[in-house]
Amino acid sequence: MNKSNNNSFAKGRLISLDALRGLDMFFLVGLAGIFRALPKISDNGFNNWLANQCHHPEWQGFTAYDLVFPMFIFIVGVAMPFSFSKRLKQENGKKKLFKHVLIRTIILAILGVVLWQQPGGAHPNWGFYSVLYRIGFSYFFAAVIMLNTNIRGQIYWAFGLLIGYWLLMRFVPVPGYGIGDFSQEGNLATYISKQVADFISPDFKYVFSITLIPSVSNAMFGVLAGHWLMSCKSPNRKAKGLVLAGLVFIIAALVIHLDFPVNKKLATPSFTFLTCGVSALLLSIFYYLIDVRGYKKWAFFFVVVGVNPITIYVANSLLKFGNVANVFVGGFDFGNYNLLMVAITVALVKWMFLYYLYKQKFFFKI
């Protein structure tokens with residue numbers, strides 16, 4: 001990690017990408033808590049729907065909460081053509097870049113294990129796996145593909161991995177269940193995880209999960225979006241292209257859903273297309289408003305979060321923001337609004353923490 005003196009509003013920087021990344025992370029660490037508190041105020045259908053959007057479905061289905069890390073991986077992919085192009089221009093650029101990618105991947109994996117294995121952590125029994133591991137995995141293999149293929153090859157890999165995963169899950173028989181079983185117990189991914197747990201160790205059953213394959217496609221679709229934004233096309237055409245791609249991906253997801261249902265835990269092709277489609281649509285809106293039309297002031301709130309995403313993700317696990325929030329609201333009785341006021345205060349405390357780092361020009365980068 002290092003301290004960067006780059007201003008996030010520097011000339012030529014894709015501010016929309018920082019802002020979208022910020023929205024994504026702030027939903028995870030701030031807005032989700034606020035939405036979950038709403039049913040305590042009024043137990044109505046709308047408030048319950050918003051609260052339910054901040055939880056993962058038990059198995060099949062989709063909520064807004066499911067979008068957080070797939071969109072983060074998509075954004076990682078979008079940024080890669082921009083960052084890689086600069087590094088590749090340096091002497092021995094490809095060799096140095098690969099070393100950088102490898103080190104970054106290892107750090108993400110180790111950091112994820114440290115966070116997930118802490119006492120009382122989010123997944124204390126998951127072994128050597130975390131969301132950061134999935135991000136690092138998808139980033140590493142997307143980088144390898146980028147460094148060794150042209151754009152056409154990258155397109156083939158993006159779709160090929162997803163189609164290959166679909167065929168594996170659809171036609172490889174699972175003992176006792178047969179082929180094409182997408183239930184929690186009978187799907188191929190669960191079967192392979194159980195074999196890894198039995199023959200290697202339960203600690204590695206998610207490390208070697210085949211559900212990691214679609215995440216590489218997720219990153220690669222982001223890479224292709226990044227190439228599109230770096231192209232010589234007009235800004236308006238770039239924004240329209242993202243809209244079109246997003247809509248096509250969402251339609252494809254709905255069609256595939258008829259055979260292979262949307263499922264986050266299996267990272268099904270329909271789930272991957274859906275999350276990439278929504279990510280592309282959101283990116284088009286942010287890009288058009290911020291980088292094309294120049295409406296930047298409203299995005300500042302999210303940019304502050306988006307330039308330090310790993311910082312707030314780590315801090316959210318290690319620091320007691322709730323204790324700080326209680327200093328401001330803990331002595332008051334807001335009645336039914338108690339939980340909401342605490343959630344809002346916690347979110348603001350987290351943002352102020354990041355704002356302080358932003359003002360100090362302190363951006364943690366791996």
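Guide: Start with a term: contact means heavy atoms within 4.5 Å. By that rule, and not counting residues up to four places away in sequence, Y65 touches F27, L28, A32, R36, Q53, C54, H55 and H56. This is a predicted model, where local features need pLDDT of at least 70, side-chain atom pairs count only at pLDDT 80 or more, and totals for chains, interfaces and linings use all residues. Residues are numbered from 1 along each chain as its sequence is written, and side-chain values use heavy atoms, with hydrogens and water left out.

Visitor: Why is Y65 called buried?

Guide: Buried means under 20% relative accessible area, exposed means over 50%, and partly exposed is in between (1.4 Å probe, protein chains only). Y65 has 15%, so Y65 is buried. Y65 sits in the loop between helix 2 (45-52) and helix 3. Helices here are DSSP runs of H or I with at least four residues, numbered from the N terminus.

Visitor: What makes K361 partly exposed?

Guide: Its relative accessibility is 36%, so K361 counts as partly exposed. K361 lies in the segment after helix 14 (338-359). Its phi is near 55 degrees, a positive value in a residue other than glycine.

Visitor: Which label does A267 get, buried or exposed?

Guide: A267 has a relative accessible area of 7%, so A267 is buried. A267 belongs to the loop between helix 9 and helix 10 (269-292). The phi of A267 is also positive, near 50 degrees, in a residue other than glycine.

Visitor: How many disulfides does the structure have?

Guide: A search of the whole structure finds zero disulfides. The test is a pair of cysteine sulfur atoms within 2.5 Å. As for cysteine burial, C54 has a relative accessible area of 0%, so C54 is buried. C276 has 1%, so C276 is buried too.

Visitor: Why are helix 8 and helix 9 called roughly antiparallel?

Guide: Axes are lines fitted to C-alpha atoms, for helices over the stretch in contact, and angles run from 0 to 180 degrees between N-to-C directions. Angles under 35 degrees count as roughly parallel, over 145 as roughly antiparallel, 65 to 115 as roughly perpendicular and the rest as oblique. Helix 8 (residues 213-230) and helix 9 (residues 235-257) pack at about 160 degrees, with axes 9 Å apart. Helix 8 and helix 9 are therefore roughly antiparallel. Helix 8 contributes F221, A225, W228, L229 and M230 to the contact, and helix 9 contributes R237, K238, G241, L242 and F249.

Visitor: What makes helix 3 and helix 5 oblique?

Guide: The axes of helix 3 (residues 68-88) and helix 5 (residues 131-148) cross at roughly 40 degrees and come within 10 Å. Helix 3 and helix 5 are therefore oblique. Among the contact residues are F69, F72 and I73 of helix 3, and V131, R134 and I135 of helix 5. By class, this contact of helix 3 with helix 5 has 15 nonpolar, one polar and one charged residues. Ala, Val, Leu, Ile, Met, Phe, Trp, Tyr, Cys and Pro count as nonpolar, Asp, Glu, Lys and Arg as charged, and the others, Gly among them, as polar.

Visitor: How do you know that helix 9 and helix 10 are roughly antiparallel?

Guide: Helix 9 and helix 10 pack at about 160 degrees, with axes 7 Å apart. Helix 9 and helix 10 are therefore roughly antiparallel. Their contact divides into 21 nonpolar, six polar and one charged residues.

Terms used
Helices (H or I, at least four residues) and strands (E, at least two) are DSSP runs, numbered from the N terminus.
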